[in-house]
Amino acid sequence: MPKVVVRDLKKRYGNTEAVRGVSFEIREGEIFGLLGPNGAGKTTTLECLIGLREPDSGQIEVCGIDALKNPREVKQRIGAALQTISLQDKITAREALALFGSFYRLPIAPEKLLERFSLQEKSDQHFDTLSGGQKQRLAIALAFVNNPELIFLDEPTTGLDPQSRRELHQEIAKMKREGHTVLITTHYMEEAEQLCDRLAVVDHGQIIATGTPRELIGRSAGLQTVSGTTSSPVDPSLFAGLPGAQDAHCDDTAFRFRSASANEAVGQLLRLLREKNIELAELHLRKASLEDVFIELTGSRLRD
Ligand code: ADP
């Protein structure tokens, strides 16, 4: 049985149709991602799922419970870390964990959570003295206080430095290993690609594709990007004429093109350059990424 079932969810704010008929399912034990640019409707969707917002229409089932009819029952089973954690400045991590734990029937002890989320050293410091990464770890520890079977993380790594981001990814992977199901929203395609078992790509309040990262990338035209520099300038028509070449750009000695037969194109490029006595100074080959898929589906980039 799926952990989450969402059917034709709709939510508008005044004239803004934030969510326009979203449907998806999350399977038990997977990390499911909602990937899309800012304003796509990810947070609104997540907030409807956890009972923070009332949708205009649609059905939501969480852990087999009708979430619109029994939001309180759902709240006992889930945990959520929202984008901005707001706690009193002078509360300590330990106090906050004890306070949040008191809302649940079977809370995890603060000590255990402090250890798990590497917050022991900071356990008695005031919230306003914690770093961004520490605040985020505390937010996730708080979401974990009822040992939830299903955990919702809204843009958990936005604004974090690479080190804190890596640590958080490890935490999320650990949750999955322990059998928790995770819903994460993100606008970082690398994050979605590395972390998520399955994804829904969201744009303008609608899901435009669903699948594993590999399936999504495979479903795209699968164009590889070839770029590099040559020892002297080359006529741009040379690149445009290579096997499968598209979107060829050339600027003095730098070139770039995309191709579905990149290996063949590179082979031919080397031969043609040799004939002209031009050397290749740099060559890069990059596989299609989720970013390319997003551009193909929407015509726009994921990030501005
Ligand atoms: P995302 O999480 O993908 O960035 P959101 O769900 O936050 O997207 O926003 C979707 C759309 O709804 C955006 O156009 C946003 O400006 C609008 N929106 C979000 N929250 C509110 C709100 N409380 N009041 C009015 N408009 C909102």
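**Overall architecture and ligand shell of the predicted model**

Of the 304 residues in the protein, 46% are buried (under 20% relative accessible area; exposed means over 50% and partly exposed lies in between, with a 1.4 Å probe and protein chains only). The model is predicted, so local features were taken at pLDDT of at least 70 and side-chain atom pairs only at pLDDT 80 or more, while totals for chains, interfaces and linings use all residues. Residues are numbered from 1 along each chain as its sequence is written, and side-chain values use heavy atoms, with hydrogens and water left out.

The protein contains 11 helices and 14 strands. These are DSSP runs numbered from the N terminus (helices, H or I, at least four residues; strands, E, at least two). The C-alpha atoms fill a box of roughly 75 × 45 × 35 Å along the principal axes. Contacts were counted where heavy atoms lie within 4.5 Å. Among contacts between residues at least 6 apart in sequence, 67% join residues at least 24 apart. The accessible surface comes to about 15200 Å². Carbon and sulfur atoms account for 45% of that surface. Areas come from the Shrake-Rupley method with a 1.4 Å probe, and for residues only the protein chains shown count as cover.

The protein carries 38 positive and 43 negative side chains. Lys and Arg count as positive and Asp and Glu as negative; His and the chain ends are not counted. Each charge is placed at NZ of Lys, CZ of Arg, CG of Asp or CD of Glu. The centres of the two sets lie 3 Å apart.

A backbone N or O atom of G39 lies 2.7 Å from a ligand oxygen. A polar backbone atom of A40 is 3.0 Å from an oxygen atom of the ligand. The side chain of T44 places an N or O atom 2.5 Å from a ligand oxygen. On its own the ligand has 560 Å² of accessible area, and the protein covers 62% of this.

T181 lies in strand β8 (residues 181–186). T181 is buried, with a relative accessible area of 0%. A polar atom of its side chain lies 2.8 Å from the backbone nitrogen of G29. Beyond neighbours within four places in sequence, T181 is in contact with K3, I26, R27, E28, G29, E30, E149, L150 and I151.

Q136 sits in helix α5 (residues 132–143). Q136 is also buried, at 10% relative accessible area. The Q136 side chain reaches the backbone oxygen of P156 at 3.0 Å. Leaving aside neighbours within four places, the contacts of Q136 are E155, P156, L160 and L168. The C-alpha atoms of Q136 and A81 are separated by 8.4 Å, although the two residues are 55 apart along the chain.

Several backbone positions take a positive phi. D247, in strand β12 (residues 246–251), has a phi of about 50° although it is not a glycine. D247 is partly exposed, at 44% relative accessibility. N277, another residue other than glycine, has a phi near 60°. N277 is placed in the loop between α10 (262–275) and β14 (280–286). N277 is exposed, with a relative accessible area of 72%. In helix α11 (residues 290–298), L290, E291, D292, V293 and F294 are buried. Just after α11, G299 takes a positive phi of about 75°.

Note on methods: Polar contact = N/O pair within 3.5 Å; in protein donor to acceptor, adjacent residues only side chain to side chain.
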